[in-house]
Amino acid sequence: MSDILIAGGGVIGLMLARELAQAGASVTLVERGRCARESSWAGGGIVSPLYPWRYSDPVTRLATWSQTSYVHLAQELFAETGCDPELRQKGMLMVSVHDEDKALSWASAYHRPLMRVDSAFIYAREPNLAPGFDSALWMPEVGSIRNPRLGRALRTSVEQHPLIQLHEETEVTGFILQGERICGVRTAHGDVRAEQTVVAGGAWSSELLSSLGLKIQVEPVKGQMMIFNAAVGLIDRVVMLDGRYLIPRNDGQILIGSTLEHVGFDKSTTDAARKSLHQSALSIVPALEQCPVAHHWAGLRPGTPEGIPYIGAVPGVEGLHLNCGHFRNGLVLAPASTRLHADLLLGRSPVIDPQAYSPVGRLQAL
């Protein structure tokens, strides 16, 4: 029997398993499909909240801690696994922002590098942008990571760690309850027991908890995205306009995202979204009209009010913990969320004040 069982093998579950095992805990990771194949795979990989000044302080605190850790994490994973997560530290340009003053005030309050730049600055760095952009906000420290490769590297790291047992294609159907204590999970392949159980099931977390008569405010929010086959260097950094973004990859591919749709667990793509995303991409870089679309897909984000995740013990149910509900920022917040949660599970001094993320006072009975 492991010390800790994690239900959910996305980036959150994988990073938490790795963090705990590196501290000496034995971990069992149970994933209903293949690891890092849901929202962890489907997202864009910008290592910053989009328009970060529009988020609350708890999100900013997690994001700030996480951003500084990605350089070391990417290097570690590459050395461990041979899979390069492709961290690109090129900065982010946000053009035609309507609340620049609010952004600058936020940057000053949180000591974040962000500045207003003019058209000369914009086109000196990205000459292929559409003409007519007079100003932008520039965040030089924002990077992007190729999230499918990050997921692959994390899975490989977890798979080869001697203290971690990995069970994929193993859907959790319920919990093992003894009195008021959770002692593991029930699956289609049998019971899996552990001293402590963590729900890190992304958009499916609320469904897991419903079997205990508990309700959390986590719901699926669909996001559709596309990727173009383009020439290397068409753009070199993340560029945002009107809530949409372009993300270049090392091989020249350029990703455009994304939609926000409240349609339940529907992951189908639509012609309307394809046309909208295509037009958004061309409004930023007109030359993409000559580039073929390589892929169009959809993923399900775990939406929560204000994007504040649940991290910590479930009150009244001994042995049960949550690490879910990161909405659009699962990858952005993952290093801090998993480090904080490992601190709580292992009795260490928490790296960030955990109160804002605690499930206490945020759960409802069904």
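Residues are numbered from 1 along each chain as its sequence is written, and side-chain values use heavy atoms, leaving out hydrogens and water. Because the model is predicted, local features need pLDDT of at least 70 and side-chain atom pairs count only at pLDDT 80 or more, while totals for chains, interfaces and linings use all residues.

**Stop 1: the sheet**

Show the cartoon and select the strands. Helices (H or I, at least four residues) and strands (E, at least two) are DSSP runs, numbered from the N terminus. Eight strands form an open sheet with mixed pairing. Follow the order S4-S5-S3-S12-S13-S14-S11-S15. Two strands pair if DSSP finds at least two bridges between them. The edges are strand S4 (115–118) and strand S15 (293–303), each pairing on one side only. From one strand to the next, the twist averages 25 degrees.

Now select S11 (219–228) and S14 (254–257). They run antiparallel and are joined by four bridges. Isoleucine 227 stands opposite leucine 255 in S14.

**Stop 2: helices on the sheet**

Axes are lines fitted to C-alpha atoms, for helices over the stretch in contact, and angles run from 0 to 180 degrees between N-to-C directions. Contact means heavy atoms within 4.5 Å.

Next, pick helix H8 (271–284). H8 lies across S11, S12 (238–241), S13 (244–248), S14 and S15. It runs at about 55 degrees to S11.

**Stop 3**

The rule takes rings of Phe, Tyr and Trp (its six-membered ring) with centres within 6.5 Å; planes under 30 degrees apart count as stacked, over 60 as edge-to-face and the rest as tilted. The count by this rule is five aromatic pairs. Tryptophan 106 and tyrosine 110 are separated by about one helical turn, because they are four residues apart in H4.

Colour by accessibility here. Buried means under 20% relative accessible area, exposed over 50%, and partly exposed in between (1.4 Å probe, protein chains only). Tryptophan 106 is buried at 10%. Tyrosine 110 is partly exposed at 31%.

**Stop 3: salt bridges**

The structure holds 25 salt bridges. Each is a side-chain nitrogen of Lys or Arg within 4 Å of a carboxyl oxygen of Asp or Glu.

Select glutamate 86 and arginine 146. Their side chains meet in a salt bridge, 3.2 Å from N to O. The pair links distant parts of the chain, 60 residues apart. Glutamate 86 is in the loop between H3 (57–81) and S3, and arginine 146 in the loop between S5 (135–139) and H6 (147–159). Buried or exposed? Glutamate 86 counts as buried, at 9% relative accessibility. Arginine 146 counts as buried too, at 10%.

Move to aspartate 191 and arginine 186. In this salt bridge the closest N and O atoms are 2.7 Å apart. Aspartate 191 is partly exposed at 42%, and arginine 186 is partly exposed at 35%.

Then select Glu19, Arg339, Asp343 and Arg348. A network of salt bridges links them. Within it, arginine 348 and aspartate 343 meet at 2.8 Å, N to O. Arginine 348 is partly exposed at 32%, whereas aspartate 343 is buried at 1%.

**Stop 4: charges over rings**

Show arginine 32 with tryptophan 204. The arginine lies over the face of the ring, 4.1 Å from the ring centre. The test is NZ of Lys or CZ of Arg within 6 Å of the ring centre and within 35 degrees of the ring normal. Now show arginine 54, whose charged end sits over the ring of tyrosine 51, 4.1 Å from its centre.

**Stop 5**

From arginine 54, step to aspartate 99. Leaving aside neighbours within four places in sequence, aspartate 99 is in contact with Trp53 and Arg54.

Finish on serine 48, in the loop between H2 (39–42) and H3. Serine 48 is buried at 2%. Which residues does it contact, leaving aside neighbours within four places in sequence? Select Gln67, Met92, Val142, Asn329 and Val332.
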